[in-house]
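Hi,

Here is the structure I promised to pass on. Have a look at it first, and then read my notes below.

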Amino acid sequence: MLRVFYADLRNTLHNRGFLGCCFVMAGYMLFSAILLWVVLHIFLKDGALNGEDMLDSYDSLAGFVITGASLAVFSGDYTGGIVRNKIISGAKRRNIAISAITCGALIGALLCIIYVITGVVLVPFFTEGLRILRVSEAADAFLVFTLASMAVGAFSTMQVLVLGGSKVSYVVGLLTAFFLKIANIEVCEKLYPEKGLCTLQGAKLFLYRAFDRFVPYSHFSLMTRWKFTDYLIGSLSLIVISYIIGIVLFQKKEIK
């Protein structure tokens, strides 16, 4: 098990797709900071840029970048024959699945850490600091981000294992991130309308709140709305589901 995990981890850290996503994460933060600064200082003549304005940009790309990194790393294992070679060398399918999904969770965590570090470095240069959140509240939000990122990484890696690393993996993985992003926008607009109060009732209100509360794809907002235990339950549940589905289906899958 440890031998397989070490090989997967080494492959992940040297994978061009993963490294590219790391640069995308940091580059997006830098681009957003420069763009916001230019718009506020040159076009609007307003220098009041908050740290929250920049740090909240993780929500717009996290699901896509984490999914893309997982696809790049583990789809290559299939196309390059690495998965088949592991099985031939005696590695158990269960251990291969556990190792891959664990590395997928680590991919999510590493990308989130890169975002946090980049944000912490850039905020003093481009903003006037945090105005709404205390540092402790921002730290809590970053912890929620990390948990959600790990869950998304594990889930997207499970999809690769189940779908065999084919082109369908990219379609399904990115479409999943896209539709859950759209669903999150819909949920937020209904639960927290800019004007007036929430008008949802009954089962629809229950489902919308459950999505916002427990689905990790909706946990990338800097302004946390639920207890930390709710976010923890949601992320751990998706990770456990990813392990169960990944292990069961991967053991039945034909490897070419």
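**Two helix pairs**

Helices α7 and α8 run roughly antiparallel to each other, because their axes cross at roughly 150° and anything over 145 counts as roughly antiparallel. Do keep in mind that this is a predicted model. The crossing of α7 and α8 is right-handed. On the α7 side, the contact is made by F155, Q159, V160 and L163, while α8 brings V168, S169, V172, G173 and T176. Sorted by class, that contact has five nonpolar residues, four polar ones and no charged ones.

The other pair is α6 (residues 93–126) with α10, whose axes also come within 9 Å. Here the crossing angle is roughly 140°, so α6 and α10 are oblique to each other. The crossing of α6 and α10 is right-handed. From α6, the contact takes in R93, R94, I96, A97, I98, I101 and T102; from α10, S242, Y243, G246, I247, F250, Q251 and K252. This contact of α6 with α10 divides into seven nonpolar, four polar and three charged residues.

A bit more on α10, which spans residues 228–252. At 1.5 Å a residue, its 25 residues should span 36 Å, and the end C-alpha atoms are 37 Å apart, which agrees. Buried residues in α10 include S242, G246, I247 and F250, and these four take part in the contact with α6. Also buried in α10 are D230, Y231, G234, S235, L238 and I239.

Cheers

Definitions and conventions:
Residues numbered from 1 in each chain as written. Predicted model: local features only at pLDDT ≥ 70, side-chain atom pairs only at ≥ 80, totals over all residues. Heavy atoms only, no water. Axes fitted to C-alpha atoms, helices over the stretch in contact; angles between N-to-C directions. Parallel < 35°, antiparallel > 145°, perpendicular 65-115°, else oblique. Left-handed = near helix turned anticlockwise from the far one by under 90°. Contact = heavy atoms within 4.5 Å. Nonpolar A, V, L, I, M, F, W, Y, C, P; charged D, E, K, R; others polar. Expected span 1.5 Å × (residues − 1). Buried < 20%, exposed > 50% of the residue type's maximum accessible area, 1.4 Å probe, protein only.
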